[in-house]
Amino acid sequence: MKRKKYNYPKLLFAIVVTIALVFGIPYAVIHSVSMEMKIDGKQFDLTEQTREELSAIFEQIDDPAYDNTFDKVYDLSSDDYIKQYTIKYKKGFADQKIFRLYLPNEENTLIVESEKSGKVIKLISDDNFRTTSIYFATPEFFGQYINANDKISFELKTSHNNDSIEQGEVAYLIAKNIYVPSYLTFLVDDKPIKFHKLEDGTNSSYVALIPSTYLSETGKKNIKFLYNSEIAPQSDETSLTINPRTFSEQHLTIAEDAVKEKRTEDARKELKAEMAKVFNKEEYRFIGDIDDFIKNFELPLEDGILTTEYGVTRYVNNELSPYTHTGLDIACPEGTNVNTTALGKVVFAGELTLTGNTVVISHGYGIYSSYYHLKSLFCKEGDEVLKGEMIGEVGTTGFSTGSHLHFEISYKDKRLEAGYFIYGEPVTYQNYPEFFSTTN
Ligand SMILES: [Zn+2]
């Protein structure tokens with residue numbers, strides 16, 4: 001085991017921090033704060049105004065009304081010092097905010113995080129710290145200084161973990177160590193895209209999804225990430241290639257029937273209007289790491305026969321139909337259990353002309369799953385569901401020619417290939433028997 005030598009500045013700091021922890025951020029720490037800051041060796045002078053604001057914050061911390069108590073103190077001079085210790089604040093100060101303890105003389109940073117409901121604050125250090133200067137500040141106030149010292153990371157993820165996707169696949173852009181989200185922008189071909197906070201316990205990770213469908217333009221997209229801090233702006237750049245995929249075709253010959261066509265068109269409009277409302281509802285918040293989210297999906301049936309792939313284009317009487325098949329059609333006997341593909345919240349459970357008894361579930365980050373033509377529904381709007389929970393039975397309601405489940409996964413109204421979520425590759429007529437049993 002490695003043994004550390006005594007380090008006197010560190011020891012001094014340890015004593016100061018110990019006093020601070022025992023007596024509740026006392027004057028010992030606060031009044032020793034140096035109003036200078038070094039970031040990556042560069043000196044930053046704080047303005048008079050900043051000093052005043054800082055003082056106000058320190059006074060607030062020191063206010064007995066906040067009644068800070070600390071439930072555990074590590075001996076910071078020992079070898080196992082500073083991995084993690086916990087402070088409990090009884091009220092005020094830390095609620096609903098991220099606070100950072102910043103040690104400007106070194107590259108080390110103590111992170112003080114507030115868990116929303118529990119009022120428990122964790123102090124985590126990635127390394128040793130050897131300084132007597134400690135700053136407490138809200139991220140809005142201090143974020144640009146704080147982040148300047150952090151290693152912001154930016155990553156592109158797909159089901160293959162490389163820099164390309166196929167039509168129908170989704171890519172994830174992940175930014176970590178972001179303490180001021182208002183400084184953050186993700187750009188795809190110079191257009192900003194929406195991002196979501198990752199509920200991965202870090203309080204500082206964000207994800208943006210880039211969906212592609214059978215309609216998406218193929219080729220290279222430029223991905224940019226900007227962290228627009230005034231003091232230390234950061235950026236990164238990469239590219240994402242959308243590769244073409246060959247989609248199957250179906251040729252149908254049907255008798256011309258104007259009335260029927262009209263009915264179909266109205267039914268599609270109804271579905272579109274209902275789904276537009278559904279995709280605008282407040283979505284489910286997934287708690288966990290992004291990798292857990294990506295790997296969270298499973299087939300809603302145990303077995304069946306794939307009768308229509310995702311992205312199949314249809315030719316009716318040799319004319320290209322404007323309607324492409326947006327999901328997977330899996331034929332199986334009426335009454336077969338339909339289970340949720342992943343955990344989430346039911347945002348639609350009802351009957352529509354085209355899709356019959358329909359369930360839509362929100363899984364978070366804009367991802368939804370839909371189940372059509374059900375015989376019966378075993379859930380209602382607002383239900384929180386686990387993965388594999390039974391939500392209905394296979395049927396042939398709505399416009400359907402036989403008992404089957406139409407299952408799709410989408411990023412809002414952008415229909416994706418469900419196979420990427422479940423198996424990491426498309427489900428096709430050729431490969432589906434490898435993935436699910438066809439015994440019925
Ligand atoms: Zn279908």
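Start at V188, which stands opposite K191 in β13. One place back, L187 stands opposite P192 in β13. These pairs belong to a hairpin: β12 and β13, with 2 residues between them. D189 in that turn has a positive phi of about 50 degrees. β12 covers residues 184-188, and its pairing with β13 is antiparallel, over 3 bridges. For terms: strands are DSSP runs of E, at least two residues, numbered from the N terminus. Two strands pair if DSSP finds at least two bridges between them.

A word on the source. This is a predicted model, so local features need pLDDT of at least 70, side-chain atom pairs count only at pLDDT 80 or more, and totals for chains, interfaces and linings use all residues. Numbering runs from 1 along each chain as its sequence is written.

Now the other partner of β12. That is β16, residues 219-227, antiparallel again, with 5 bridges. Here F186 stands opposite F225.

Zoom out to the whole sheet. It is open, has 5 strands, and reads β10-β17-β16-β12-β13, with mixed pairing. At the edges sit β10 (164-166) and β13 (191-193), each pairing on one side only. From one strand to the next, the twist averages 30 degrees; axes are lines fitted to C-alpha atoms, with angles from 0 to 180 degrees between N-to-C directions.

Next, another open sheet. Four names in order: β9-β11-β15-β14, antiparallel. Its edge strands are β9 (153-157) and β14 (196-197). Inside, β11 (170-176) and β15 (206-211) run antiparallel, joined by 6 bridges. L173 of that pairing stands opposite A208 in β15.

Keep L173 in mind. Which residues touch the most other members of the largest nonpolar core? They are L173, V359, Y371, L405 and A418, out of 64 residues. A nonpolar core here means buried Ala, Val, Leu, Ile, Met, Phe, Trp, Tyr and Cys residues joined through C-beta atoms within 7 Å. Buried means 20 or more other C-beta atoms within 10 Å of the residue's own, placed from the backbone.

Last stop, Y371. Leaving aside neighbours within four places in sequence, Y371 is in contact with P300, V338, T358, V359, I391, G392, L405 and F407. Contact means C-beta atoms, placed from the backbone, within 7 Å.

Definitions and conventions
A residue is buried if 20 or more other C-beta atoms lie within 10 Å of its own, exposed if 12 or fewer, and partly exposed in between; C-beta atoms are placed from the backbone. Two residues are in contact if their C-beta atoms, placed from the backbone, lie within 7 Å.
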